[in-house]
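This report describes the fold, the charged pairs and selected local features of one protein model. The sequence and structure are shown first.

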Amino acid sequence: MGILTEERVKINVFETAGENCCVAACDGQKVYEIIKAALCENKKIDLSFAYVNELTPTFLNSAIGQLYGCFPAEQIESNLLFMDISEEDEIILKRVIERAKTYFEHAYACRKALKDVLGGEDA
C-alpha cells in the first residue's frame with residue numbers, strides 16, 4: 001500500500017501575468033483561468049506572488065475575486081494557498097476577498113428573490 005499524496009498546482013503570478021507589476025484586469029484574468037481550471041478538478045493550488053513588485057485591487061478582483069461567483073467560499077479557501085505575498089499586498093488581497101464574498105452573496109440573494117417573484121429558472 002502506497003502513500004497518498006494530493007496533487008498540487010503551483011502558479012507563479014509573475015510568470016503567468018508576464019509582469020512584476022500586476023495591475024491590469026486582463027493579466028489577472030490569465031491567473032483566474034488557471035485557478036478556475038484547477039478548482040474545477042478539486043486540486044490544491046499554491047499561488048506564489050514571488051517577484052511581484054506591484055499589486056492592485058483591479059488585478060486581484062480579476063484573478064481572485066471573481067472566483068467567488070463560481071465556487072463556494074469554503075472550496076476556494078480550503079484549496080487555494082497564497083504564498084510569497086508582502087504584508088501590504090496581503091491586506092489588499094483580504095479586502096478584495098471580503099468584498100467579493102459580500103458582492104456575490106448579495107447577487108445570489110437578488111437572483112433568488114427575482115426567481116421567487118417571477119417564477120421559473122434563475123434570472
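Arg8 and Asp46 join through their side chains in a salt bridge, with an N to O distance of 2.6 Å; the term denotes a side-chain nitrogen of Lys or Arg within 4 Å of a carboxyl oxygen of Asp or Glu. This pair connects distant parts of the chain, since Arg8 belongs to strand S1 and Asp46 to strand S3, 38 residues apart. Helices (H or I, at least four residues) and strands (E, at least two) are DSSP runs, numbered from the N terminus. The model is a predicted one, in which local features need pLDDT of at least 70 and side-chain atom pairs count only at pLDDT 80 or more, whereas totals for chains, interfaces and linings use all residues. Residues are numbered from 1 along each chain as its sequence is written, and side-chain values use heavy atoms, with hydrogens and water left out.

Arg8 is partly exposed, at 32% relative accessibility, whereas Asp46 is buried, with a relative accessible area of 6%. Here buried means under 20% relative accessible area, exposed over 50%, and partly exposed in between (1.4 Å probe, protein chains only). A network of salt bridges links Arg8, Lys10 and Asp46.

## Salt bridges involving helix H5

The structure contains seven salt bridges. One of them is formed by Glu77 and Lys101, whose closest N and O atoms are 2.7 Å apart. Because Glu77 lies in helix H4 (residues 73–79) and Lys101 in helix H5, this pair ties together parts that are 24 residues apart in sequence. Glu77 is partly exposed, with a relative accessible area of 43%, and Lys101 also counts as partly exposed, at 25%.

Lys94 and Glu90 form a further salt bridge, at 3.8 Å from N to O. Both residues lie in helix H5, four residues apart, which is about one turn of the helix. Glu90 is partly exposed, with 31% relative accessible area.

## The parallel sheet

An open sheet is formed by three strands in the order S1-S3-S5, with parallel pairing. Strand S1 (8–12) and S5 are the edge strands, each pairing on one side only. Direction ignored, neighbouring strands of this sheet are turned by 20° against each other on average. Axes are lines fitted to C-alpha atoms, for helices over the stretch in contact, and angles run from 0 to 180 degrees between N-to-C directions.

S1 and S3 pair in the parallel sense over five bridges; pairing requires that DSSP finds at least two bridges between two strands. Val9 has Ile45 in S3 as its bridge partner.

## Helix H2 against the sheet

Helix H2 (residues 25–40) lies across S1 and S3 and runs at about 160° to S3. Asp27 is found in this helix and is buried, with a relative accessible area of 11%. Apart from neighbours within four places in sequence, Asp27 is in contact (heavy atoms within 4.5 Å) with Ala17, Glu19 and Phe59.

## Loops with positive phi

Most residues other than glycine have a negative phi. Tyr51, although not a glycine, has a positive phi of about 75°. Tyr51 is in the loop between strand S3 (44–48) and strand S4 (54–55), and is exposed, with a relative accessible area of 62%. Asn53 is also found in the loop between S3 and S4 and counts as exposed at 60% relative accessibility. The C-alpha atoms of Asn53 and Glu19 are 9.1 Å apart, while the two residues are 34 residues apart in sequence.

Asp84, another residue other than glycine, has a positive phi near 55°. Asp84 lies in the loop between strand S5 (80–83) and H5 and is partly exposed, at 48% relative accessible area.

Lys112 is found in helix H5 and counts as partly exposed, at 40% relative accessibility. A C-alpha separation of 38 Å lies between Lys112 and Glu87, which are 25 residues apart along the chain.

Leu114, Val117 and Leu118 form a nonpolar surface patch with about 320 Å² of accessible area together. Patches are made of residues with over 30% relative accessible area and no salt bridge, like charges being joined within 9 Å and nonpolar side chains (Val, Leu, Ile, Met, Phe, Trp, Tyr) within 5 Å. Accessible areas come from the Shrake-Rupley method with a 1.4 Å probe; for residues, only the protein chains shown count as cover. Val117 is placed in helix H5 (residues 87–118) and counts as exposed, at 68% relative accessibility.
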